[in-house]
Amino acid sequence: MTAADVPAVVAVQEPGAVLGLADVFSQDEHPFPREAIAERWLREIDLPGTDCFVVGRDDAVAGFAATRGDEFLHFGIAVEHWGTGLATLAHDDVLDHLRGGRVTQARLRVFTGNGRGRRFYEKHGWRPTGERSRSSFAPCPELLGYSRHL
């Protein structure tokens, strides 16, 4: 991912977050923070040790991912590609990237209220660790830790 990709990434991320996280972030009270998310991507692209990726499909941005060390940091696929298998392909590519960095035990955090996301990760071998934290985005919902042997 480059800085030039960020507008397209945010354009993919927003509808997925609004739809997939409707039970976590009420759009009436906590609308998608487009500018803050774009700024975060720009910081993370330049952050040593953080790798940011664009998932492409038909010469267009169809998703995004990021890793930092052993953490699968961010991941999402455009709503129009949900259910097509693209998420599984991209997920597996990210795991291959982690393996290439000699990671043997990966971790991630997912919103406790994100049932769709939790089902996806569990289907792909991730297991809850019981570790809990809070998002920095209001209303600061709970995040649940997951891990997976690579």
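Tutor: Contact here means heavy atoms within 4.5 Å, and that is the sense in which packing is described below for this predicted model. The part to look at is helix α4, which spans residues 115-123 and in which G117, F120 and Y121 are buried. Seen down the axis of α4, these buried residues fall within an arc of 95°, so they line one face of the helix. That buried set packs against three elements, namely β3 (71-77), α3 (86-100) and β4 (105-111). After the helix comes G125, a residue whose phi is positive, near 90°.

Q13 lies in helix α1, which covers residues 6-20, and Q13 is buried because its relative accessible area is 11%, where the cut-off for buried is under 20%. Leaving aside residues up to four places away in sequence, Q13 touches F32, I37, R40, W41 and F64.

The cysteines can be read with the same cut-offs. C52, at 10% relative accessibility, counts as buried, whereas C140, at 33%, counts as partly exposed, because that class lies between the limits of 20% and 50%. As for covalent links between cysteine sulfur atoms, the structure holds zero disulfides.

Conventions:
Residues are numbered from 1 along each chain as its sequence is written. This is a predicted model: local features need pLDDT of at least 70, side-chain atom pairs count only at pLDDT 80 or more; totals for chains, interfaces and linings use all residues. Side-chain values use heavy atoms; hydrogens and water are left out. Buried means under 20% relative accessible area, exposed over 50%, partly exposed in between (1.4 Å probe, protein chains only). Helices (H or I, at least four residues) and strands (E, at least two) are DSSP runs, numbered from the N terminus. The arc is that of the directions from the helix axis to the C-beta atoms. A disulfide is a pair of cysteine sulfur atoms within 2.5 Å.
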